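Here is my note for you. Please keep the structure open as you read.

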Amino acid sequence: MTDVTIRPAGRRGRPPAHWADLEAQEQLSLITDLGWPKFRARQVDRHYNQFSATPQGWTDLPAAERERLSGHFPELLTPIRTRSADSGATRKHVWQLHDGSLVESVVMGYPDRATACISSQAGCGMACPFCATGQEGLTRNLSAAEIIEQARLAHLEAADLGLGKGRLSNVVFMGMGEPLANYRAVMRAVRRIVSGFGISARSVTVSTVGLVPGIRRLAEEGLPVTLAVSLHAPDDELRDTLVPVNQRFPVAEVMAAADDYVVATGRRYSIEYALIKDINDQPERARMLADLLSGRIAHVNLIPLNPTPGSVWTATSAQRTEQFIRILRDGGVSTTLRDTRGSDIDGACGQLAAETA
Ligand code: SAH
């Protein structure tokens with residue numbers, strides 16, 4: 001059962017122009033065109049960053065000026081549905097975009113932090129067979145402002161509900177989409193999240209299937225964001241099937257780019273590895289992975305596979321998981337097992353398919 005009316009997805013035009021999509025120079029000209037002094041640009045930016053939803057709430061600006069600005073702050077994300085889990089500490093949102101596309105974001109509260117997991121694309125073109133988003137294909141890239149709004153709304157929510165320490169502390173690009181395939185918009189969003197929202201670059205994680213040119217470009221940004229590489233297999237033979245883009249950027253090239261990222265940023269990277277029963281969880285694969293990572297500045301995040309509709313694959317048993325962890329640690333590889341927040345509301349990794357049933 002669908003509980004919303006979805007507009008036909010025929011028109012895939014650009015989202016309405018939003019202040020947050022503009023270059024600093026364009027913001028300045030807009031302010032000048034309105035006949036205002038240039039400092040207004042910074043003021044407007046600050047108001048937006050400080051999480052006032054729309055100009056209507058910026059009461060230190062004269063009402064007429066707020067009115068003139070409002071067209072530059074259109075509502076980009078229409079809330080469709082929110083579900084919560086973990087006694088309210090995990091909240092998954094489905095948003096409708098101007099063209100009817102649906103995207104999702106998740107906010108997770110922990111005692112010491114609050115993390116937003118946000119989407120960079122509507123759908124995803126990477127076609128990883130175990131990921132729900134990968135099954136639907138790519139609809140379109142999100143604009144910078146559509147990405148930023150997810151983080152901004154997550155911050156409001158963290159403050160409202162007292163999640164974490166009452167403020168958003170971490171942002172992970174682990175929602176729908178491949179962030180490095182929407183590079184410009186993602187970087188504009190990262191910049192605002194860091195300099196505008198006051199979240200440290202190292203608390204922002206960009207997770208990628210391993211688009212080598214994107215990793216190399218990211219290394220040159222001078223922003224030490226955390227890089228996560230979704231590896232899922234240490235060998236090309238298996239990875240070609242689990243992460244199809246491996247056929248273009250094989251394991252060795254991805255690892256070399258990640259190593260160079262360490263040199264450029266001083267940041268260790270994460271290796272994401274979803275444990276799939278009898279597919280990539282064998283002890284010999286753990287040993288191959290340990291060998292691959294030996295001497296590298298990497299941390300392994302094992303993710304129990306989350307079930308996705310229609311998939312024949314299941315999660316590795318607890319015992320096998322323990323064994324996998326032991327082999328990696330014995331091999332000197334720093335390893336943790338990710339908790340699967342939100343799996344009962346399809347809000348966990350790989351389950352974000354924007355279903356509204
Ligand atoms: N496209 C990016 C970011 C989105 S996915 C990437 O691939 O990194 C975020 C993480 O969830 C990735 O590591 C992805 O491989 C993992 N994931 C996808 N489907 C999953 C599933 N069914 N169970 C567990 N993890 C999954």
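1. Start with a term. A polar contact here is a pair of N or O atoms within 3.5 Å. With that cut-off, look at Asn 306: a backbone N or O atom of this residue sits 2.9 Å from a nitrogen atom of the ligand. Keep in mind that this is a predicted model.

2. Ser 207 places a polar side-chain atom 2.6 Å from a ligand oxygen atom. Glu 178 has a side-chain N or O atom 3.2 Å from a nitrogen atom of the ligand. On its own, the ligand has 530 Å² of accessible area, and the protein covers 96% of this.

3. Now the shell. The ligand is surrounded by 21 residues. The closest are Phe 130, Ser 207, Ser 230, His 232 and Asn 306. By type, the shell holds 10 nonpolar, nine polar and two charged residues.

4. Which strands each supply at least two residues of the shell? Find strand 8 (204-208), strand 10 (269-275) and strand 11 (298-304).

5. Step back to the whole chain. The protein chain is divided into domain 1, residues 19-72, and domain 2, residues 78-345. Their centres, taken over C-alpha atoms, are 33 Å apart.

6. Last, the place where the domains meet. In domain 1, 12 residues are in contact with 13 residues of domain 2. The size of an interface is often given as the accessible area lost when the parts come together. Between domain 1 and domain 2, the buried area is about 1100 Å². Carbon and sulfur atoms give 47% of that area.

How values were computed
Residues are numbered from 1 along each chain as its sequence is written. This is a predicted model: local features need pLDDT of at least 70, side-chain atom pairs count only at pLDDT 80 or more; totals for chains, interfaces and linings use all residues. Side-chain values use heavy atoms; hydrogens and water are left out. A residue is near a molecule or strand if one of its heavy atoms lies within 4 Å of it. A polar contact is a pair of N or O atoms within 3.5 Å; within protein, one must be able to donate a hydrogen and the other to accept it, and residues adjacent in sequence count only if both atoms are side-chain atoms. Accessible areas come from the Shrake-Rupley method with a 1.4 Å probe; for residues, only the protein chains shown count as cover. Helices (H or I, at least four residues) and strands (E, at least two) are DSSP runs, numbered from the N terminus. Ala, Val, Leu, Ile, Met, Phe, Trp, Tyr, Cys and Pro count as nonpolar, Asp, Glu, Lys and Arg as charged, and the others, Gly among them, as polar. Domain bounds come from an automatic or database domain assignment. Contact means heavy atoms within 4.5 Å. Buried area is the accessible area (1.4 Å probe) that two parts lose on being put together, summed over both.
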